Amino acid sequence: MGFPAYRPRRMRANPAVRAFVRETRVEPGDLVYPVFVKPGAGVRDEVASMPGVFQLSIDQLAAEVDELRSCRVNSLMLFGLPARKDERGSEAYDDRGVVRQAVRAIKEHAPDFHVITDVCLCEYTSHGHCGVLDERGGVDNDETLGLLAAEAVSHARAGADMVAPSDMMDGRVGALRSALDEAGFSHVPIMAYAAKYASGYYGPFRDAADSAPAFGDRSAYQMDPANSDEALREVRLDIEEGADLVIVKPALSYLDVVRRVKDAFAFPTVAYNVSGEYAMVKAAAAQGWIDERRVVLETLLSMKRAGADAIITYHAKDAARWIIGGRHGR
């Protein structure tokens, strides 16, 4: 029996030829690193469920930015832990709040470093939900929109380069776009959590951000994991309302959604490699069950291959170092 003229293994024979035909690459500049900031001084508290991830006080941010720049990661996303919480999440839109202070501190230290801010109320409300509660105990969508818009404007006023609403309220992108434009921030892009699922993979994040709901869950506003057609409708709405980029969250169990979004809209698409995905890799690696470097880089590559243009990931610093080191033969 004769062999076909084309033998695919010829293009896998050595690293050089594999590099010639490699279809997908992850670059350090594709990665966004989430950062949790809290009040205080000299604070660097490791998150128990997320080894290597820390809650930082504002005076620690300059060193964090310098470390990110040293491994060519150009963007971070800020999440705030407030000094106090109340029913309406007031510190979320207070110009003296911790995120505004953090943005100003970063910009004073490194004016050209790209700062994205998460826009939501869950870290700031005493009940842990992503908006104002109505008389039935549910989130009041329309009343929440004004508070989210005020939060986004306060971030932009502090110097944020981009805002990222993660609340999943209907109409929030349009509300933010109008508010930003009216306040003179038409140049500030919106990276919308457009397809954010009600996922079990968020557990460690809720430790890091102290944002677990005090009752119930978020299934009434985050998406049902069974649905992908609905994701396309959500993404379309956000694009029509003025989003500049769209996020699919989580990433690893929703790569089919990333691919469908990219194919349907050919729009800048971001995958959020969430806390539970990170924690599982860290736990398995700590037991010696997997090769952490290999699994992390393969995981990020899968997200790029599915269609993500950028990836928000807690692995960003390690992955960037591994990518750079691999190119230099280290």
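How do the residues of the lining of the largest cavity divide into nonpolar, polar and charged? They split into 6 nonpolar, 2 polar and 6 charged. Keep in mind that this is a predicted model.

That cavity is one of 2 in the structure with a volume of 30 Å³ or more. Its lining has 14 residues, and those nearest the centre are Cys122, Lys196, Phe205, Arg218 and Lys249. Two elements give two or more residues to this lining, namely strand 7 (191–196) and helix 6 (203–209).

Here are the two volumes side by side.

| Cavity | Volume |
|---|---|
| Largest cavity | about 110 Å³ |
| Second largest cavity | about 50 Å³ |

Now for the second largest cavity. Its lining consists of Tyr33, Pro34, Val35, Phe36, Arg44, Val53, Phe54, Leu56, Glu64 and Lys317. Strand 1 (31–38) and strand 3 (54–57) each bring at least two of the lining residues, and strand 1 has the largest share with 4 residues. By class, the lining of the second largest cavity comes to 7 nonpolar, no polar and 3 charged residues.

On to a helix pair. The axes of helix 2 (residues 61–70) and helix 3 (residues 98–109) come within 9 Å of each other and cross at roughly 55°, so the two helices are oblique to each other. The crossing of helix 2 and helix 3 is right-handed. On the helix 2 side, the contact is made by Leu61, Ala62, Val65 and Asp66, and helix 3 meets them with Ala102, Ile106 and His109. Sorted by class, this contact has 5 nonpolar, 1 polar and 1 charged residues.

Definitions and conventions:
Residues numbered from 1 in each chain as written. Predicted model: local features only at pLDDT ≥ 70, side-chain atom pairs only at ≥ 80, totals over all residues. Heavy atoms only, no water. Axes fitted to C-alpha atoms, helices over the stretch in contact; angles between N-to-C directions. Parallel < 35°, antiparallel > 145°, perpendicular 65-115°, else oblique. Left-handed = near helix turned anticlockwise from the far one by under 90°. Contact = heavy atoms within 4.5 Å. Nonpolar A, V, L, I, M, F, W, Y, C, P; charged D, E, K, R; others polar. 1 Å grid on protein atoms, 1.4 Å probe; cavity = no way out; pocket = protein on both sides within 12 Å on 5 of 7 lines; lining within 4 Å. Points joined across faces, edges and corners; volume = space filled by probe spheres on them.
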